[in-house]
Amino acid sequence: MATESGKDPRQDAVRDGRDETQEERADRRWTELLQELRVAQTGMQILFGFLLAVVFQPRFTELNDVDHTIYVVTVVFGAATVSALVGPVSLHRLVYGRRLKPQTVVLASRMTLTGLVLLYCTMVLVFLLILRVALHDTLAFWLAAGMGLWIALWWFAVPLWARHRARGMSQR
């Protein structure tokens with residue numbers, strides 16, 4: 001599969017156990033990232049829609065100042081989350097066709113990770129707000145903190161542990 005120069009383009013292939021060029025790897029990674037974004041964006045859009053509707057509910061005026069503040073902070077985090085999770089789509093559209101796929105994938109991946117951290121914060125804050133309205137006591141804080149730890153375990157600790165473990169196994 002030699003080119004005009006006589007060089008096989010696969011000689012420059014990324015050496016990660018796959019026989020693919022840098023461009024093929026970028027295409028594969030972009031497709032995988034889009035699948036991840038579809039899940040995160042759908043969940044966040046539903047959550048953000050809920051947040052935007054809350055302010056129009058009759059009971060919203062009954063919230064105390066602390067709960068109003070938690071709501072406003074949560075909406076700000078929600079908007080930041082949507083921005084970060086939709087950012088890769090805008091990035092791709094604006095650089096499409098300019099032969100920047102590998103760089104686009106790296107930047108979009110960072111945006112997605114930022115979006116997941118913001119989604120984590122938004123979810124914990126939503127949970128806190130709902131529990132404060134439902135329970136009216138400090139138990140809400142402890143339940144929200146516990147749920148925050150639970151989500152952090154599955155979203156961040158387990159994947160980082162798996163990454164660390166895989167790195168250790170590859171060095172043997």
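This is a predicted model: local features need pLDDT of at least 70, side-chain atom pairs count only at pLDDT 80 or more; totals for chains, interfaces and linings use all residues.
Let's start with helix H1, which covers residues 22-54. With 33 residues at 1.5 Å a residue, H1 should span 48 Å, and the 47 Å between its end C-alpha atoms agrees with that.

Now look at which side chains of H1 are tucked away. The buried residues are Ala-26, Arg-28, Trp-30, Leu-33, Leu-37, Ala-40, Gln-41, Met-44, Leu-47, Phe-48, Leu-51 and Val-54. An α-helix has 3.6 residues a turn, so residues three or four places apart point the same way. Keep that in mind as you trace Leu-33, Leu-37, Ala-40 and Met-44, which are among the buried residues of H1. And what covers these buried residues? The cover includes H2 and H3.

Next, follow H1 to its partner H3. Their axes lie 10 Å apart and meet at an angle of about 20 degrees. Angles under 35 degrees count as roughly parallel, so H1 and H3 are roughly parallel to each other. Their crossing is left-handed, and the residues in this contact comprise 17 nonpolar, five polar and three charged.

Finally, turn to H2 (residues 65-95) and H3 (residues 101-135), whose axes come within 8 Å and cross at roughly 160 degrees. Angles over 145 degrees count as roughly antiparallel, and H2 and H3 are therefore roughly antiparallel to each other. This crossing is left-handed too. In the contact of H2 with H3 you will find 22 nonpolar residues, 10 polar ones and three charged ones.

Definitions and conventions. Residues are numbered from 1 along each chain as its sequence is written. Side-chain values use heavy atoms; hydrogens and water are left out. Axes are lines fitted to C-alpha atoms, for helices over the stretch in contact, and angles run from 0 to 180 degrees between N-to-C directions. Helices (H or I, at least four residues) and strands (E, at least two) are DSSP runs, numbered from the N terminus. Angles under 35 degrees count as roughly parallel, over 145 as roughly antiparallel, 65 to 115 as roughly perpendicular and the rest as oblique. A crossing is left-handed if the near helix is turned anticlockwise from the far one by less than a right angle, and right-handed if clockwise. Ala, Val, Leu, Ile, Met, Phe, Trp, Tyr, Cys and Pro count as nonpolar, Asp, Glu, Lys and Arg as charged, and the others, Gly among them, as polar. The expected span of a helix is 1.5 Å times one less than its number of residues. Buried means under 20% relative accessible area, exposed over 50%, partly exposed in between (1.4 Å probe, protein chains only). Contact means heavy atoms within 4.5 Å.
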